Amino acid sequence: MKATIYHNPKCSTSRTALEIIRAKGIEPTVIDYLKTPLTKAELKALIAKLGVTAKDVVRWKEKDIVVEAGINEDSSEAKLLEAMAKYPILVNRPIVVTEKGAKLARPSEAVGEIL
């Protein structure tokens, strides 16, 4: 099975999801999205795979960055995508994609649903 994880190595949830994937004998493509930010188009496609809205993928805990980006929960999809492209720390993680689907693996054990 092929898998891709949009990963932040500083995040314990992301590290645990990566461990779960590897424990299943899968070596995923690891994308450190803070070092290699996603474009608006890539984010839009990834969010579509998840079957959610951009609002569901924003990491609202990053309050200072949310304010700096000028977004809130009523912001348009386009504005949220723009903010996440400009400030990749606003992308909630980890996101895992396999041929079975895509999942925001929070909690990390949720990754098992698509492995």
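**Entry 1**

I started at Tyr6, which stands opposite Ile31 in E2. Going from E1 to E2, the chain passes through helix H1 (residues 12-23), and I noted this β-α-β crossover as right-handed. Right-handed here means that, with the strands pointing away from the viewer, the path from the first strand over the helix to the second runs clockwise. Helices (H or I, at least four residues) and strands (E, at least two) are DSSP runs, numbered from the N terminus.

Before going on, I wrote down that this is a predicted model, where local features need pLDDT of at least 70 and side-chain atom pairs count only at pLDDT 80 or more, while totals for chains, interfaces and linings use all residues. Residues are numbered from 1 along each chain as its sequence is written, and side-chain values use heavy atoms, with hydrogens and water left out.

How many bridges join E1 and E2? I found 4 bridges between strand E1 (residues 3-7) and strand E2 (residues 29-32), paired in the parallel sense. Two strands pair if DSSP finds at least two bridges between them. Ile5 also has a place in this pairing, opposite Val30 in E2.

**Entry 2: the whole sheet**

Next I looked up the strand order: 4 strands make an open sheet, E2-E1-E3-E4, with mixed pairing. E2 and strand E4 (101-104) are at the edges with a single partner strand each, so one side of each has no neighbour in the sheet. On average, neighbouring strands of this sheet are turned by 15 degrees against each other, direction ignored. Axes are lines fitted to C-alpha atoms, for helices over the stretch in contact, and angles run from 0 to 180 degrees between N-to-C directions.

H1 turned up again here: this helix lies across E1, E2 and strand E3 (95-98), and runs at about 165 degrees to E1. Contact means heavy atoms within 4.5 Å.

**Entry 3: H2 against H5**

Which way do H2 and H5 cross, left-handed or right-handed? The axes of helix H2 (residues 40-50) and helix H5 (residues 77-86) come within 9 Å and cross at roughly 115 degrees. The crossing is right-handed; that is the clockwise case, while left-handed means the near helix is turned anticlockwise from the far one by less than a right angle.

I listed the residues making the contact: Lys40, Leu43, Lys44 and Ile47 from H2, and Glu77, Ala78, Leu81, Glu82, Met84 and Ala85 from H5.

I then took Lys40 by itself, a residue of helix H2. Lys40 touches Ala78, Leu81, Glu82 and Ala85, leaving out residues up to four places away in sequence. Its relative accessibility is 38%, so Lys40 counts as partly exposed (buried is under 20% relative accessible area, exposed over 50%, partly exposed in between, with a 1.4 Å probe and protein chains only). Lys40 and Tyr87 are 47 residues apart in sequence, but 11 Å apart in space, C-alpha to C-alpha.

**Entry 4: two loop residues**

Is Arg59 buried or exposed? Arg59 sits in the loop between helix H3 (54-57) and helix H4 (63-69), and it counts as buried because its relative accessibility is 12%. Beyond neighbours within four places in sequence, I found Arg59 in contact with Val66, Ile89, Leu90, Val91, Asn92, Arg93 and Arg106.

Gly70 is in the loop between H4 and H5. At 41% relative accessibility, Gly70 counts as partly exposed.
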